[in-house]
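Visitor: I have this model open and would like to walk through it. Can we start with the packing and then move to the sheet?

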Amino acid sequence: EGTVPNINLAREIAEQQKLDYVFAVEWDRRLNADEGGEHGLSILSKYPIGNASLIRHTPCYDHFNEKGHYGGRATLAVDLALGDRRVRVYDAHYATRDVDGTCRAMQGDEVLADAHLAEQPAVQLLGGDFNTFICTPLLALCNDPSYAEPVVRNLQLDGWTDMLPTFTSWTQLGIGLVQQRLDWLFTKGVSPVSFEVRQDILVVDHVPVMADLSLF
């Protein structure tokens, strides 16, 4: 899962790996010819995908007035069918330029509102680019609740488990700033088995963040 430039890339990866996929537009950049058109969120899976929805987040600032971008921050949500079990998966992309983290926390709570709906399955996964600004290796340990951003702390208080519990390094190059921990994986209703962060593989300005779960 993650952010991708456009549906063509999502489709190409899915076809190469023989995966099902869902793509949703986060930004429509038609007014900016040098920015590649659409930018969106995608979930790819070897399991059947259903019940896809897009959670449009309350904006923290006016992207259209500043950059000419239609759309806004969003989280893509789907259900995966694993045999007779259903798993809810969220691919999140929260706000930048929110130094104290209050707006990201609000956007995270909008995902939690969906996760708390009575019809949702017990097993849920949430990951993505949280854009956690103050959670950097230079400032604090990212996995300590006393230091973590409100969006991370709210997940922990709600009973979610950090799938990278001992990871305290960077996942993004920090272009213009410093290397930062922006990317997170959380789960509810099941425990993670292992994780891996591949800092030797650069995907745009982020690196792959992976975790293994045992659902059976």
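**Packing and sheet**

Guide: Leaving aside neighbours within four places in sequence, F130 is in contact (heavy atoms within 4.5 Å) with A92, Y94, A95, R104, V151, V152, L155, L182, W184 and F186. This is a predicted model, where local features need pLDDT of at least 70 and side-chain atom pairs count only at pLDDT 80 or more, while totals for chains, interfaces and linings use all residues. Residues are numbered from 1 along each chain as its sequence is written, and side-chain values use heavy atoms, with hydrogens and water left out.

Visitor: Which residues touch the most other members of the largest nonpolar core?

Guide: L126 and F130 do, in a core of 19 residues. A nonpolar core here is a set of buried Ala, Val, Leu, Ile, Met, Phe, Trp, Tyr and Cys residues joined through side-chain atoms within 4.5 Å. Buried is under 20% relative accessible area, exposed over 50%, partly exposed in between (1.4 Å probe, protein chains only).

Visitor: Which elements give two or more residues to this core?

Guide: β7, α3, α4 (150-157) and β10. Helices (H or I, at least four residues) and strands (E, at least two) are DSSP runs, numbered from the N terminus. There is also a second, separate core of 15 residues, which includes I43, V78, L82 and V123.

Visitor: Now the sheet. What's the strand order?

Guide: β4-β6-β7-β8-β10-β9, an open sheet of six strands with mixed pairing. Two strands pair if DSSP finds at least two bridges between them. β4 (49-56) and β9 (161-162) are at the edges with a single partner strand each, so one side of each has no neighbour in the sheet.

Visitor: And β8, is it enclosed or open?

Guide: Largely enclosed by the rest of the structure, because seven of the seven residues of β8 (residues 123-129) are buried.

Visitor: How does β8 pair with β10?

Guide: In the antiparallel sense, over six bridges, with β10 spanning residues 183-188. L125 has T187 as its bridge partner there, and G127 stands opposite L185.

Visitor: And with β7?

Guide: β7 (residues 85-93) and β8 run parallel, joined by seven bridges. H93 stands opposite D129 in β8.

Visitor: Where do α3 and α4 meet?

Guide: On the α3 side, R104, A105, G108, D109 and L112; on the α4 side, P150, V151, N154 and L155. By class, this contact has five nonpolar, two polar and two charged residues, with Ala, Val, Leu, Ile, Met, Phe, Trp, Tyr, Cys and Pro counted as nonpolar, Asp, Glu, Lys and Arg as charged, and the others, Gly among them, as polar.
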